[in-house]
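Thanks for asking me to look this one over. My notes follow the model below, as numbered points you can check against it.

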Amino acid sequence: MTIKAYGSQAGDRPLEPLDITRRTPGAHDVQIDIAFCGVCHSDIHQVRSEWAGTLYPCVPGHEIVGRVSAVGGQVTAFRLGDLVGVGCIVDSCKHCDDCDDGLENYCDHMVGTYNGPTADAPGHTLGGYSQRIVVHERYVLRISHPEAQLAAVAPLLCAGITTYSPLRHWKVGRGHKVGVVGIGGLGHMGIKVAHAMGAHVVAFTTSESKRDAARALGADEVVVSRNPDEMAAHRKSFDFILNTVAAPHDLDVFLGLLKRDGAMTLVGAPASPHPSPNVFSLIMKRRTLAGSLIGGIPETQEMLDFCAEHGIVADIEMIRADEINAAYERMLQGDVKYRFVIDSATLAG
Ligand code: NAP
Ligand code: ZN
């Protein structure tokens with residue numbers, strides 16, 4: 001079937017309306033009429049070919065929520081009308097150690113929701129800036145938040161799981177001092193989730209204007225990281241730091257804030273490398289520098305259920321599909337509190 005989408009034909013071109021096709025649902029497929037799609041900084045990196053290998057046309061979007069509008073004959077877990085979500089993963093090999101562990105995100109054959117290999121036309125996956133998507137049931141998530149919150153649930157499908165997963169992996173909880181660096185789409189979710197896990201949360205921002213706003217998200221303290229005195233007050237005091245910054249920056253200034261055996265996980269994926277950390281930042285206090293990629297499907301469901309239980313959704317600004325290019329520019333200026341979400345009804349024109 002042919003549907004409306006928004007995407008780009010080249011890395012130096014703006015996004016524009018496109019007609020794309022979706023496959024007829026197979027036996028294990030769920031067809032979803034998309035209601036809303038969040039706008040992740042990864043969408044910008046990918047559509048502008050800031051990471052190698054973008055395939056065109058590129059239709060971004062991996063924070064998808066909507067309603068089931070058809071199911072294949074073998075699907076038992078989902079029914080017509082169910083509220084569901086799709087995140088960054090639409091396929092994987094389904095039989096390697098990573099898939100068996102429910103860590104499809106680390107499968108060597110993980111297929112991203114956009115720009116991944118597929119038998120469907122045009123030969124690579126096309127994402128959620130579109131009216132409809134067809135996905136194997138294994139990669140479909142159940143949403144238990146109230147329907148009125150559906151738009152604000154969309155960003156949980158990437159920003160939510162990308163922050164929840166490392167916080168869980170590093171066993172963040174009560175009694176821990178946790179930093180969240182970069183208060184954008186990911187960072188603002190990191191603050192909310194770490195706060196709900198019981199940690200003492202310190203937000204690090206380059207934007208003076210976010211000082212009060214970050215407290216409202218659940219940060220116990222806010223540090224403007226450009227201010228050396230404010231940074232020095234926190235030296236050697238953190239158990240864990242989650243770094244979401246979308247640009248290269250000096251990692252040593254944050255590593256120096258970790259106490260002995262503390263860890264900093266990078267989730268930000270800048271187009272060019274960070275200056276290397278000084279090894280002494282690590283060895284002097286047996287510190288760890290780690291990374292993390294989104295999260296597996298079972299953990300994404302766990303995160304959605306955790307957020308529903310704790311009343312957590314994203315803070316969003318709704319946009320029309322034809323406002324997407326302006327929204328990208330505003331994101332690059334740090335001018336969004338904290339996630340744009342496309343109202344998919346506006347794709348129809
Ligand atoms: P975002 O909404 O644009 O937020 C990024 C934040 O980084 C900004 O709000 C800003 O926070 C801070 N920042 C500081 N200096 C910056 C600079 N020069 N340029 C841009 N940002 C700067 O982005 P996002 O959607 O949260 O994504 C953050 C990064 O994570 C991106 O690189 C994205 O591709 C990556 N990502 C990774 C994964 C994963 O699985 N690892 C998943 C999703 C996204 P302040 O104003 O508070 O300083
Ligand atoms: Zn994302």
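**Notes on the model**

1. Let me start inside the protein, where the structure holds one cavity of 30 Å³ or more. On a 1 Å grid over the protein atoms alone, a cavity is a set of points where a 1.4 Å probe fits but cannot get out, a pocket is an open set with protein on both sides within 12 Å along at least five of seven lines, and lining residues have an atom within 4 Å of a point. Grid points are joined across faces, edges and corners, and a volume is the space filled by probe spheres set on the points.

2. A word on conventions: this is a predicted model, in which local features need pLDDT of at least 70 and side-chain atom pairs count only at pLDDT 80 or more, while totals for chains, interfaces and linings use all residues. Residues are numbered from 1 along each chain as its sequence is written, chains are lettered from A and ligands numbered from 1 in the order in which they are written, and side-chain values use heavy atoms, with hydrogens and water left out.

3. The volume of the largest cavity is about 60 Å³. Its lining includes G87, C88, I89, L141 and L157, and by class the lining has seven nonpolar, three polar and no charged residues. Here Ala, Val, Leu, Ile, Met, Phe, Trp, Tyr, Cys and Pro count as nonpolar, Asp, Glu, Lys and Arg as charged, and the others, Gly among them, as polar.

4. The second largest pocket holds about 260 Å³ of space. Among its 19 lining residues, R23, T118, D120, T125 and V134 lie nearest the centre. Strand β8 (132-136) gives the most to this lining, with four residues; the classes are eight nonpolar, six polar and five charged. Helices (H or I, at least four residues) and strands (E, at least two) are DSSP runs, numbered from the N terminus.

5. Which residues hold the zinc ion (ligand 2)? C40 (SG), H62 (NE2) and C158 (SG) coordinate the ion at 2.0 to 2.2 Å, with the spacing C-x21-H-x95-C along the chain. C40 sits in the loop between β3 (29-38) and α1 (41-47), and H62, 22 residues apart from it, in the loop between α1 and β4 (64-71). Donors are N, O and S atoms within 2.8 Å of the metal (3.2 Å for Na, K and Ca); water is not among the atoms, so sites may look incomplete.

6. Buried means under 20% relative accessible area, exposed over 50%, and partly exposed in between (1.4 Å probe, protein chains only).

7. Around ligand 1 there are 27 residues, of which H41, T205, T206, S207 and R339 come nearest. Oxygen atoms of ligand 1 lie 2.8 Å from a backbone N or O atom of I183, 2.8 Å from a polar backbone atom of G185 and 2.6 Å from a side-chain N or O atom of T205.

8. Please look at the backbone too. The Y56 to P57 peptide bond is cis, with omega about 0 degrees, and P57 lies in the loop between α1 and β4. A121 to P122 is cis as well, with omega near 5 degrees.

9. Two non-glycine residues deserve a glance: N115 has a positive phi of about 70 degrees, and K171 has one near 55 degrees. N115 is buried at 16% relative accessible area, whereas K171 is exposed at 65%.

Technical notes: A residue is near a molecule or strand if one of its heavy atoms lies within 4 Å of it. A polar contact is a pair of N or O atoms within 3.5 Å; within protein, one must be able to donate a hydrogen and the other to accept it, and residues adjacent in sequence count only if both atoms are side-chain atoms.
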